[in-house]
Structures are given as C-alpha cells and as structure tokens.
Amino acid sequence: MLFLNSFISVLEVFIVTIPTLLIVAFITIAERKTMGSMQRRLGPNIVGFYGLLQPFADALKLLIKEFVSPTQANLILFFLGPIITLIFALYGYAVIPYGPGLSILDFNLGILYMLAVSSLATYGILLAGWSANSKYAFLGSLRSTAQLISYELILSSAVLLASLLSGGFNLTTIVESQKPIIYLLPLLPIFYIFFIASVAETNRAPFDLAEAESELVSGFMTEHSAVVFVFFFLAEYASIILMCILLNIVFLGGYDPSYLILILYYCVSIVNYLFQMFLIITSEIYNIIHYIIYSEYIHYGIVNITNISKEHFINEFSLYYKSYILKNMIFSLSLGIKSCILIFSFIWVRASYPRIRFDELMTYCWTILLPILIGFIIFIPCLMYSFEILPITISLI
C-alpha cells in the first residue's frame with residue numbers, strides 16, 4: 001500500500017512536470033515568432049513545420065555543447081545554483097487547481113506557498129552569481145536579489161487584497177469566490193500593479209536589469225553554458241507561466257469557464273448579426289453554439305437569452321458535462337486560454353518598452369507602487385466594512 005501511494009505521488013509529479021517543461025519549449029518559439037511579427041521580420045521557420053521543432057533543436061545544441069567552467073569558481077555552488085532555481089520554479093505548480101479539486105496539493109495556504117517558493121528561487125541566482133568568481137555575474141545576482149525582494153512585497157500586498165475578498169488563502173477558494181464576479185473588475189488597479197510586479201519578479205524586459213546585455217554581458221548567467229544554462233532558461237520561462245497562472249487565478253476566475261462561454265456566445269452572436277449575409281461559416285458556427293445552448297431550453301419554451309439569469313444559464317449548461325474527464329478538460333482548457341493571453345501580454349510588453357535604469361526600477365517600486373498599494377490596503381477593507389460585506393471568516397475575528 002505504501003509503495004502504491006508513493007508510485008501515485010511520483011506519477012502525479014511527472015504528469016504535471018513534463019507538460020510544464022514542454023510548454024516552456026513551445027513558449028520560447030511563440031515568443032520568437034510573436035516578436036518577429038511585431039518587429040517586421042521572420043522568426044524561426046526552418047526546423048519543422050512553421051518552425052515548431054526549433055526549441056528541440058536549440059535544446060539538442062545546448063545538450064551536446066561543451067561545458068566550460070571557470071577555474072576559480074566554487075564548482076559545487078556553481079552547479080547547485082541553477083538546480084535550486086529550477087526546482088523552486090517547479091514547486092509552485094503543486095498547488096495550482098486545474099479544476100475543482102484537481103491539484104496535487106490542496107493547501108489552505110496555497111497562495112502563500114506559491115509566493116514562498118518563488119522567493120526561494122532567489123537563493124539559486126545569488127549562489128550562481130557569487131560562485132562564478134566573475135564581477136559581471138556577481139553584480140547581476142545582486143541586482144536580481146534586490147529586485148526580487150523589493151517586488152515580492154508588491155506581489156504579497158496585492159494578493160492580500162484578493163484574499164480579503166475571498167476570505168482565505170486557498171487557491172480553489174479564491175477561484176470559487178469569483179463565480180458572481182471576477183476580481184479583475186473591482187480590483188482593476190491592483191491587477192495592473194500585480195502584472196507590473198510579475199514582469200519584474202520574472203526578470204523580464206523592460207525589467208531585465210539582472211541580465212542586461214549592454215551592461216553585464218548576460219548578468220548572473222555570464223559564466224554558465226551548455227546544460228547548466230538550460231536550467232536557468234527553463235526556470236525563467238517556468239516562472240513566467242507560474243506568474244501568469246497566479247494572475248489568472250487571483251483576478252480572472254482561474255479554471256471557471258462560464259465567462260469564456262458567455263463571451264464566446266455574445267461575440268459569435270454579434271458577428272453573425274453584422275455579417276450574416278457575407279460570412280456563411282460564422283453563421284454555421286453560430287447555429288452550432290445556438291443549438292448546444294438552447295437544446296435544453298426548448299422544453300421550457302425559452303428563446304431569448306436576456307430572460308435567463310446567469311446562475312440558471314450556468315446550471316443548465318453544466319448538464320452537458322456529466323463526464324468527469326470532459327468537465328475537467330474544459331476547466332483546464334479555460335485555465336490554459338486565459339493564461340496564454342497573459343503570456344502573450346508578457347511578450348507584448350517585452351517587444352514594446354525599452355529597458356529602464358536600475359535606480360529607476362527600485363524608485364518606481366518603493367515610491368510609487370508601494371504607497372498606492374498601502375492606500376488600497378487601507379481603503380478597500382474600510383469600504384467592505386462600511387457596506388458589511390467582509391467575509392465571515394474575517395469578520396468573526
């Protein structure tokens with residue numbers, strides 16, 4: 001029995017980890033193709049159909065490349081730093097709910113766990129930069145440490161407001177509490193602040209001061225090459241995916257597909273209304289969706305969707321997902337679509353804004369974002385208390 005439980009635990013880890021690493025590979029090609037389109041140039045388009053196998057060619061090149069280590073480096077910490085960074089970047093996926101109850105660890109303090117393991121990845125960067133015995137790597141690790149510690153305060157403060165509305169730190173609780181309304185609408189300024197802090201936390205442009213090529217060659221990764229460099233590469237993109245999923249869970253309803261279904265229906269309805277004489281394919285799509293949604297309402301004689309409440313619509317629509325596997329696939333697909341939109345936003349920001357100076361980055365954090373967040377932390381609980389809408393678990397304390 002103990003062996004079976006251990007085998008199931010290891011299998012769950014592989015089921016989550018291997019797709020994550022594959023997604024990282026395809027996000028690299030998506031980033032290069034997207035930035036190529038934005039900059040009026042061709043991205044990778046030779047290896048495989050439309051360049052889809054380019055990430056595997058890059059990985060093979062790095063795996064067979066000769067590794068060169070600095071002679072005066074602390075080799076144990078030099079290898080340990082990238083490994084620590086990658087391990088803690090993957091630890092956060094343990095508490096992500098891909099559906100109702102569909103997670104490796106349903107932890108009551110899940111959102112604090114994600115922030116904690118993402119902050120521990122800083123130690124890997126610090127060790128790698130210090131052990132390389134290079135001034136460029138050391139300066140890059142110091143910059144990265146200062147930047148990550150500063151913007152973690154912004155992330156934790158923004159998360160505190162979302163947890164205040166949901167009444168807990170459990171990620172599934174936060175998702176389920178957004179069924180009436182997603183937190184993006186009441187907390188729109190907090191969403192923008194959280195997004196900016198996420199870009200800085202993942203060392204992405206325009207906040208990639210830790211690996212600024214024009215100043216520090218490649219920052220804390222200057223002396224790393226071949227397989228060891230792959231660990232840093234995977235950790236960076238795994239952290240991007242994790243931050244986008246966290247943004248999705250906290251502000252966009254996570255795996256809840258109801259808003260995507262409604263948006264899809266209304267978009268197709270509008271397009272069909274405007275172009276039904278010209279777009280036959282759109283009309284057919286509209287008829288298919290119309291049949292799926294209204295086949296349950298024929299019995300009741302309901303035709304106009306404006307007469308259907310949101311709760312009744314969702315309850316009736318859920319009748320079509322009696323299969324447990326199909327239902328969880330739809331939940332996971334909803335989580336994936338929203339996260340892909342956020343990942344595209346990360347790429348868009350990188351292609352649009354120039355890199356700022358390091359002192360401007362720190363000043364922006366401590367003198368602009370933090371005072372605004374503190375103001376919201378004071379204002380929103382006072383507003384909720386005045387309208388008597390504080391969660392029960394908080395109001396009883």
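The following dialogue explains how to read several features of a predicted model.

User: How is the packing of two helices described?

Analyst: Two packed helices are described by the angle between their axes and the distance between the axes. Axes are lines fitted to C-alpha atoms, for helices over the stretch in contact, and angles run from 0 to 180 degrees between N-to-C directions. Helix 4 (residues 110-131) packs with helix 9 (residues 226-251) at an angle of about 160 degrees, and their axes are 12 Å apart. Helix 4 is therefore roughly antiparallel to helix 9. The cut-offs are as follows: angles under 35 degrees count as roughly parallel, over 145 as roughly antiparallel, 65 to 115 as roughly perpendicular and the rest as oblique.

User: Which residues of helix 4 and helix 9 make the contact?

Analyst: Contact means heavy atoms within 4.5 Å. Helix 4 contributes Ile-111, Met-114, Leu-115, Ser-118, Ile-125 and Ala-128, while helix 9 contributes Phe-232, Leu-242, Met-243, Leu-246 and Val-250. By class, this contact has 10 nonpolar, 1 polar and no charged residues. Here Ala, Val, Leu, Ile, Met, Phe, Trp, Tyr, Cys and Pro count as nonpolar, Asp, Glu, Lys and Arg as charged, and the others, Gly among them, as polar.

User: How does helix 7 pack with helix 9?

Analyst: Helix 7 (residues 188-201) and helix 9 pack at an angle of about 165 degrees, with axes 10 Å apart. Helix 7 is therefore roughly antiparallel to helix 9. On helix 7, Ile-190, Phe-191, Phe-194, Phe-195, Ser-198 and Glu-201 meet Met-243, Leu-246, Leu-247 and Phe-251 of helix 9. The classes in this contact are 8 nonpolar, 1 polar and 1 charged residues.

User: Which residues touch the most other members of the largest nonpolar core?

Analyst: A nonpolar core is a set of buried Ala, Val, Leu, Ile, Met, Phe, Trp, Tyr and Cys residues joined through side-chain atoms within 4.5 Å. The largest one has 71 residues, of which Ile-154, Leu-246 and Phe-251 touch the most other members. Helix 9 supplies the largest share of this core, 16 residues. Neighbours within four places in sequence aside, Leu-246 is in contact with Ile-111, Met-114, Leu-115, Leu-171 and Phe-194. A second, separate core of 7 residues includes Ala-128, Leu-148, Ala-210 and Met-221.

User: Is Thr-172 buried or exposed?

Analyst: Buried means under 20% relative accessible area, exposed over 50%, partly exposed in between (1.4 Å probe, protein chains only). Thr-172 lies in helix 6 (residues 171-176) and counts as buried because its relative accessibility is 15%. Not counting residues up to four places away in sequence, Thr-172 touches Pro-97, Asp-106 and Tyr-255. By contrast, Ala-146 of helix 5 (residues 135-166) is partly exposed, with a relative accessible area of 27%. Leaving aside neighbours within four places in sequence, Ala-146 is in contact with Phe-358 and Met-362. Of the 397 residues of the chain, 45% count as buried.

Technical notes. Residues numbered from 1 in each chain as written. Predicted model: local features only at pLDDT ≥ 70, side-chain atom pairs only at ≥ 80, totals over all residues. Heavy atoms only, no water. Helix = DSSP H or I, 4+ residues; strand = E, 2+ residues; numbered from the N terminus.
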